[in-house]
Amino acid sequence: MEARGIGKSFLGVTALEGVDFTLQRGEIHALLGENGAGKSTLIKILTGVYTRDRGEMRLDGKDVTPANVAEAQALGIGTVYQEVNLLENLTVAENLFLGRQPSRFGFIDRREMRRRAKALLARYGLDIDVDALLSSYSVAIRQIVAIARAVDLSGKVLVLDEPTASLDSQEVEMLFVVLRRLREQGLGIIIITHFLNQVYAVADRVTVLRNGRLVGSRALAELPRLELISMMLGRELQDITR
Ligand code: ADP
Ligand code: MG
Ligand code: MG
């Protein structure tokens, strides 16, 4: 996915200006920046929540302008928001195939839906009772269910806005196992997180925004941590370490 010169204002306030962003297949790409940098606005443009004022966006080399979330999904771009967009009082299987219920959407029956839910989650290393209510599972498992649904619906790009905010360290590792598996399958993943340890643990590349502008995009293997912090804060290294 490629975005060039993305600009967006809200009532005259510039949230993004001239931002470029490139995501490769099989890449986990962290999007960083201090509060108000424009991270959420950028991913909302990429996922069809907002429309951009300026700039271009391409997917697999084709110009695209997702007008809404459903259109982005149809193009292959799926999102899991911080407030996981699932229904607690439905079962795991129902959540996975929400809006694609038996009969109406080609499932033979609920048994078939259960079987498909089981098979889908097995790909994520999850062996859980898909007939149990979603609310009976931990945040981490609910999130993996949300990811499984998003990837099943879209399949090229997965966008995660602060997915680790309410997870403990064991759950974070469980999530990262899933993300690495998806990366192996060729998915492009964008992740927003404020934890730099997590960025270095899971991401291949980072794009840094500051005040709505692009600071830079770098491979993490070649980016010392202090330099990354200096990019985010917009201060010279010697000022940070002094
Ligand atoms: P981040 O996610 O990096 O914290 P945001 O993309 O949320 O940054 O915000 C970037 C800027 O755009 C901020 O100044 C914010 O106040 C403004 N902004 C974001 N969304 C809206 C909106 N819906 N209406 C008005 N201003 C907004
Ligand atoms: Mg914010
Ligand atoms: Mg945000």
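Q: Which element gives the most to the shell around ligand 1?
A: This is a predicted model, in which local features need pLDDT of at least 70 and side-chain atom pairs count only at pLDDT 80 or more, while totals for chains, interfaces and linings use all residues. Residues are numbered from 1 along each chain as its sequence is written, chains are lettered from A, and ligands are numbered from 1 in the order in which they are written. Helices (H or I, at least four residues) and strands (E, at least two) are DSSP runs numbered from the N terminus, and strand E2 (13–22) and H1 each supply at least two residues of the shell. With three residues, the element that gives the most is H1.

Q: How many residues in the shell around ligand 1 are polar?
A: A residue belongs near a molecule or strand if its C-beta atom, placed from the backbone, lies within 6 Å of it, and the residues around ligand 1 include Phe10, Asn35, Lys39 and Thr41. Ala, Val, Leu, Ile, Met, Phe, Trp, Tyr, Cys and Pro count as nonpolar, Asp, Glu, Lys and Arg as charged, and the others, Gly among them, as polar. The shell has four nonpolar residues and one charged residue, and its polar residues number six.

Q: Why is helix H1 (residues 39–46) largely enclosed by the rest of the structure?
A: A residue is buried if 20 or more other C-beta atoms lie within 10 Å of its own, exposed if 12 or fewer, and partly exposed in between, with C-beta atoms placed from the backbone. Lys39, Thr41 and Leu42 are among the buried residues of H1. The helix is largely enclosed because the buried part of its eight residues amounts to seven.

Q: Which residues have the most contacts inside the largest nonpolar core?
A: A nonpolar core is a set of buried Ala, Val, Leu, Ile, Met, Phe, Trp, Tyr and Cys residues joined through C-beta atoms within 7 Å. The largest one has 63 residues, and those with the most contacts inside it are Leu42, Ala117, Leu158 and Ile189.

Q: Which helix gives the most to this core?
A: In soluble globular proteins, nonpolar side chains tend to be buried together. The helix in question supplies eight residues to the core, spans residues 139–153, and is H5.

Q: What is the order of the strands in the open sheet of four?
A: Two strands pair if DSSP finds at least two bridges between them. The edge strands, each pairing on one side only, are E2 and strand E5 (62–63). Strand E1 (residues 2–10) is joined to strand E4 (residues 54–59) by four bridges, with Arg4 opposite Glu56. The pairing is antiparallel, and the order is E2-E1-E4-E5.

Q: Do strand E3 (residues 28–32) and E9 pair in the parallel or antiparallel sense?
A: Within E9, Val208 is the bridge partner of Leu32. Strand E9 (residues 205–210) also has six bridges to strand E10 (residues 213–219), and those two run antiparallel. E3 and E9 are linked over four bridges, and their sense is parallel.

Q: What phi does Asn211 take in the hairpin of E9 and E10?
A: Most residues other than glycine have a negative phi. Asn211 is not a glycine, yet its phi is positive, and the residue sits in the loop between E9 and E10. The hairpin has two residues between the strands, and there the phi of Asn211 is near 50°.

Q: Why does Glu162 count as partly exposed?
A: Glu162 lies in the loop between strand E7 (157–161) and helix H6 (169–184). This residue has a positive phi of about 50°. Glu162 is partly exposed because the other C-beta atoms within 10 Å number 15.

Q: What pLDDT does the protein chain average?
A: pLDDT is the predictor's confidence in each residue, from 0 to 100. For the complex, the predictor gives an ipTM of 0.96 and a pTM of 0.91. In the protein chain 94% of the residues score at least 70, and the average is 91.
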